[in-house]
Amino acid sequence: MALPMILILAVFLAAGTIVESRFSTVVAKRFVYGTWWFGGFMVLLAVNLLCSALSRFPWKKYQTGFVVTHLGIIAVLAGSLVTQQMGSDGQIALTEGEEGHVFQEDKPILYYQVADGIIEQIPASFSLLPPNPDRPLIVHLPEDGILMVDQFYLNSQKVVRGRKTEEKEKGFPAVHVNLDSSFVHENQWLFLGHADYGHLDLGPASVFFEKESDWKKRLSGGAKEVSENALAILLAADGSLRYQTRHRGEFTKEEPLEVGKDYSTGWMDMQFKAEERLSEAVPEENFIEQPLPHQKDPEPAIHYEVIQGLAKKDGWMGFQNQTRFSLKDKSFALAYGPRQVQLPFTVHLTKFKLGLDPGTDKPASYASDILYSDPDLGTQVPAAISMNQPLHFKGYTVFQASYQPLPDGKYISVFSVGRDPGIWLKYGGAIVMVLGIIFMFWFKNPAWGKKEQNAT
Amino acid sequence: MRIIPGLFSLFLVSWCLGGSTLFAADLDFKALSLVPIQEGGRVKPLDTFARESVRFITGREAFEGREAMDTMLDWLTHPDAWEEKEFILVENMDLKDQLGVPKDQKRVTPKFLTHQDNFMLFAKMSFAKQQKKITLDAKEKESLAVYGRLQKFEDLLPGDSLTLIPLPDPQTYKWASIGDLRKAYDTNPGKMPDAAREVLMTFAAILKSYDGKNALEFSAATEKFSGMLAQIGGKEYPEPSKITEEVQFNALKPFRKAWIIHLTAFVVIGLSLLLNAPKLFIPGYFIFITGVLVSVYGFTLRCLIAGRPPVSNMYESLIWVTFGMTFFALVFELIFKNRLFALCGSALAVVGFVLADNVPTILDPSIQPIEPVLRSNFWLTIHVLTITLSYAAFLLSLGIGHVCLWSLWKHGGDKERLQRQTKLLYRVVQVGVVLLAAGTILGGVWANYSWGRFWGWDPKETWALIALLGYVAVLHGKLAGWLRELGFTIGVVSAYLGVLMAWYGVNFILGVGLHSYGFSKGGLPYVIGFVTVEIILMIIVGLKARSIRN
């Protein structure tokens, strides 16, 4: 029994790492390590170990190593179970000067709130039976309201399309650009004057969509924001489209641009085409299902529908997003993202310190000066957290995980926060296990040689 | 009788420590090679800088058979001539295709690259992609590497990367470079401090005397240069002994010498076994010990230079595991008095050290500062050393496993011999299992300490566990009596594939997870070739051994 189980486990694990390499850590956890069957297999393994240890009772001296090792492994597995059931593990990101007491666990949740009611939550990892239009997830809200999740994409892509404005809606002039070369393919809607969708940045090259007059102003002002290689699609005062390109800092002449025709940008053998233009349009966000990405975390999205009486509202939500709306004079709030967990104390980030290797911009050390509140004493206690030097408090451990620089020179410091009640069982079991293996050196199995002779 | 092998070892040791074809005959680079330079996050001798730069750009330390320092000085004195020379390494076939370079051409000229607009843009876009944390494919990665090689060459010419002047910037602690001095001189020569102008002039004198191949002037200029910088540096300057140590290490190449010695040992021990001449074994064994001592010396120097144990990348772990394996071979030899250990130990040492010595673009031998999370010598030592020592024991078991395969092939009927050998194999595997189990758990303790969890199914953790399970399965099979000599041997050799995956595969094939500091690329065809040969070998031996048994 033992041998096949060891081999099966090895194969499972190997498959898990390949999934992780092919897709991502999140995917491997969802489809291998975090599944019920994997947990079940571990329990089975523990039972098997226990049986094999007990079946040899009463134990003889030479079996000491064997028994000790197996009991050690059982303890480690039991400790893992305790951790999985009672522990928690997440992240908290603080900007310098910010205080926080909520950390995010790696478990997707859909939060909802009706009017000023309490915030409710439903698990939204959907790992067993993802909702679909035929089998939606239905939650009853107070006063006969219904919240429905009727579509879930484990990996999705946000597509922004130009939609003609409806009556009384304010819009932007929009153009659908297609860029094509042997190196790069890009296909995107640009909205003139829109904060997020007004400009396309390709690193050493960029694409602008502007009023001709604004563009002229930009050029006479020195064209500092225009990269060495650029394409500008221009809206002339008479409503026609024109374009100008820049290659290695040299501008070409402005030319008229016809929709549907191919032009050259002058750099990277790049062709471009304005596929469509709308004089008044708004960006419309949609999600389409995508195959799991290679070596990247998937980006899940859900489609929700809220029904209150005859009124109804539906829409898409990507991960880490929220939305608010009113139906029949009642306000609704939805948020889709990681589970939020309260810490029993607050952490205030005073300063983040990045040490560099001398003369380089390679980080050598990360450290955060923090203040944490002690609710029993009602005081703020200073502490320093750095790599390999965490803070232990109230059963929680706060570790330095990573950091992000902000444009204003400040830093965001990211901490891992965890509580692991099974750790001592795991440590103890591990020590016992290693001792057991070492014992096996001393106490040799007298049956060893015998069996072998029997076999021959 | 024992004096002769002893004397022979003494001769070997003196060859290792003294034998230095360090410097070219006419110009003496010694003074210049000892000048400290601040680069890549540490202060190192210019000798190291030259070797690393030439290796990085051309893929070889001795490009066209010249010393690295010689090549670098030639770059600085004749930049125009080098613009037209093919010396910038391009490895990826797809990229060669895109560039229009024949597949068998290994290097291109700087001029060729700078005139390839599309390539330059492609490299910049790959860089932008990398900044946005988008995964790059092999072609994009290589475009960045090639661009980096070109950039390194171009930064060198104006002296921008020659950060030799120990006047640290108060903010970044960055030393000033020859390029900085040149710029200061070009903008306002009058305002320049005398000392700085003097440094610049002396540097020019070095290049001039190099160009004119004037040995006397060259020596005078280099010595003056080094003296001036030392004076500017004052307390900031590193201990001369540290710098000398590193130059010594570079010149000695202890791990190259180690494989030559181990090869000699292998031949002598092999002969003693083949000719059944036990007397020949004693000198062989002494040579083997010498090889181990030379690598001990190499490790000691490398630890002193780096200030940490040498286990932070694939190159370092390879030489360390190889050394660990020879150490185990020595110990087992002493315990079991069996010549097979010294034989396997020396053979595998040759393989390991030769590999480490010959593929610098895959196994980078330069000494680099390590990732912040690894900066804990305590944990680095106990976790990584335990794990790598278990790899070492398993490597030895692989060697003994092959001896067993040989015996199964040649002496399949000799039951007694086979049992004796598998018993040795069993012992080696047991040592490996203890170390791997302990090392993996220690890794969990460290992970809990610095990442906040004991076990997270990270690929490195998982493959260490899979390798452990593989060996545990084999041991269980043996204990339960299901596996006899043939099965056990094949089991042990196969289980090594788990180690190979945990050690090489996770870093070079899977390339994901938290142990990302060791990730790299390359060498896959060789590893696949090795695995295929092993599998075929095991099938052939298995079939033959069965037919003998029946």
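A: In this predicted model, the residues of helix 21 of chain B that meet helix 22 of chain B are Leu486(B), Ile490(B), Val493(B), Leu497(B), Leu500(B), Tyr504(B), Phe508(B) and Ile509(B), and on the side of helix 22 they are met by Leu524(B), Val527(B), Val531(B), Glu534(B), Met538(B), Gly542(B) and Ala545(B). Sorted by class, this contact has 13 nonpolar residues, one polar residue and one charged residue. As for the geometry, helix 21 of chain B spans residues 485–510 and helix 22 of chain B spans residues 524–549, and their axes come within 11 Å and cross at roughly 170°. Since angles over 145 degrees count as roughly antiparallel, helix 21 of chain B and helix 22 of chain B are therefore roughly antiparallel to each other.

Turning to the setting of chain B, 53 of its residues are in contact with 55 residues of chain A. The elements of chain B that give two or more residues to this side are helix 8 (117–131), helix 19 (415–450) and helix 20 (459–479), and helix 20 of chain B gives the most, with twelve residues. By class, the side of chain B that touches chain A has 30 nonpolar, 18 polar and five charged residues.

Where pLDDT is low, predicted coordinates should not be read in detail.

Conventions
Residues numbered from 1 in each chain as written. Chains lettered and ligands numbered in written order. Predicted model: local features only at pLDDT ≥ 70, side-chain atom pairs only at ≥ 80, totals over all residues. Axes fitted to C-alpha atoms, helices over the stretch in contact; angles between N-to-C directions. Helix = DSSP H or I, 4+ residues; strand = E, 2+ residues; numbered from the N terminus. Parallel < 35°, antiparallel > 145°, perpendicular 65-115°, else oblique. Contact = placed C-beta atoms within 7 Å. Nonpolar A, V, L, I, M, F, W, Y, C, P; charged D, E, K, R; others polar.
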